[in-house]
Amino acid sequence: MKIAVLNLMPNKVETENHLQKSLGQNDYDIEYTFLRTATYQSKNSDPAYLEANYKIIDDIISEEFHGFICTGSPVETLPFESVLYMDELTQIMQWARNKTYSSYYICWGANVALYHFYGIEKILHEKKFSGIYDHDIIAPGTNLMNGLNGIIKIPVSRFAGVRRADIDAEPDLELLLYSVESGPCLITSKAHNEYYNFNHFEYDADTLSKEYHRDIKNGMEIDMPVNYFPNNNPQNEPVKCWDIHGTLFFNNWLQNMYIYSNSKKTE
């Protein structure tokens, strides 16, 4: 299973570890190719590390991959047109749609993909959603929901999202997970085998804690992550209550991609 990952997060190594750990609890042998943007140099990453461990789209454009992952990026409050690498990003997303069997977009990545492919505008919330939110399964019969039931708990960490009405109005899109409090979570493109997740099955137990203490240190006025710290005490160690659901989800995605790729090869 070959998966290309466009890592737009400032802390590259932490995000690499999150994804490799989350996708590693299965029987698939996964080969990762991490991508960076060629038109924008990350200010938070060691150029030598990126040169040694990352490729750009031109390096792999003729290679075959089973899947593609696009992470979020700390630019969600900016207009899409203001993002310096927007042209390159749309090129990469189009390549992934045309040349891989399935794509998975996370957080701001989901926002920009829905905007590029369907013209769905993002909405900015008055304050950051941060915490563990309950989600309902809207489409229990879909492959990625196999084994999932009841209330699904998922870490949420974002300022932006989309309107449910905009998703429902697009015939190709189907809402899979939804939170009454934080809105649409997981959406699929039925025609293109793509998935857009505004939230974070891949997070470690302490990721929201690190983000919270970082934001406080930076002087941001932010609420404590909801339903996260035991007894609402930031000194208490959080529990990874989404671990089983996250493992099931990623295993379903990999299995779906494997079956889909084999069916395409035999057509």
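This is a predicted model: local features need pLDDT of at least 70, side-chain atom pairs count only at pLDDT 80 or more; totals for chains, interfaces and linings use all residues.
For this talk, a helix is a DSSP run of H or I with at least four residues, numbered from the N terminus.

The largest pocket has a volume of about 710 Å³, and helix H7 contributes the most to its lining, with five residues. In total 30 residues line this pocket, and those nearest its centre are Met9, Pro10, Pro74, Glu211 and Arg214. The elements that supply two or more residues to that lining are H1, strand S6, which covers 152–161, and H7. If you sort the lining of the largest pocket by class, you find 11 nonpolar, 10 polar and nine charged residues.

The second largest pocket holds about 310 Å³ of space. Its lining is made up of 20 residues, with Leu8, Tyr40, Ser42, Ser73 and Tyr85 nearest the centre, and by class that lining divides into 11 nonpolar, six polar and three charged residues.

Let me turn to the salt bridges, of which the structure holds 13. I will go through three of them with some care.

In the first, Glu14 pairs with Lys210, and the closest N and O atoms are 3.4 Å apart. Glu14 belongs to helix H1, residues 12–22, and Lys210 to helix H7, residues 207–217, so this pair ties together parts of the chain that are 196 residues apart in sequence. Both partners are partly exposed, Glu14 at 23% relative accessibility and Lys210 with a relative accessible area of 47%. Glu14 and Lys210 also belong, together with Asp206, to a network of salt bridges.

In the second, the side chains of Lys21 and Asp204 meet at 3.2 Å, N to O. This pair again links distant parts of the chain, since Lys21 is in helix H1 while Asp204 is in the loop between strand S9 and H7, 183 residues apart. Is Asp204 buried or exposed? Asp204 has a relative accessible area of 17%, and because buried means under 20%, Asp204 counts as buried. Lys21, at 44% relative accessibility, counts as partly exposed.

In the third, Asp223 and Lys127 form a salt bridge through their side chains, at 2.8 Å from N to O. Asp223 is in the loop between H7 and H8, Lys127 is in strand S5, residues 123–137, and 96 residues separate them. Asp223 is partly exposed, with a relative accessible area of 45%, whereas Lys127 is exposed, at 53%.

Staying with H7 for a moment, that helix also holds Asp215, which counts as buried at 4% relative accessibility. Leaving out residues up to four places away in sequence, Asp215 touches Lys128, Met220 and Ile222.

Helix H5, residues 108–118, is mostly covered, with nine of its 11 residues buried; among them are Trp108, Asn111, Leu114, Phe117 and Tyr118. After H5 comes Gly119, whose phi is positive, near 70°.

I will finish with Glu31, which is found in strand S2, residues 31–35. Glu31 counts as partly exposed, at 46% relative accessibility. Which residues does Glu31 contact, leaving aside its neighbours within four places in sequence? They are Met1, Lys2 and Ile3. Of these, Lys2 is 29 residues from Glu31 in sequence, but the two C-alpha atoms are 4.8 Å apart in space.

How values were computed
Residues are numbered from 1 along each chain as its sequence is written. Side-chain values use heavy atoms; hydrogens and water are left out. Buried means under 20% relative accessible area, exposed over 50%, partly exposed in between (1.4 Å probe, protein chains only). Contact means heavy atoms within 4.5 Å. A salt bridge is a side-chain nitrogen of Lys or Arg within 4 Å of a carboxyl oxygen of Asp or Glu. On a 1 Å grid over the protein atoms alone, a cavity is a set of points where a 1.4 Å probe fits but cannot get out, and a pocket is an open set with protein on both sides within 12 Å along at least five of seven lines; lining residues have an atom within 4 Å of a point. Grid points are joined across faces, edges and corners, and a volume is the space filled by probe spheres set on the points. Ala, Val, Leu, Ile, Met, Phe, Trp, Tyr, Cys and Pro count as nonpolar, Asp, Glu, Lys and Arg as charged, and the others, Gly among them, as polar.
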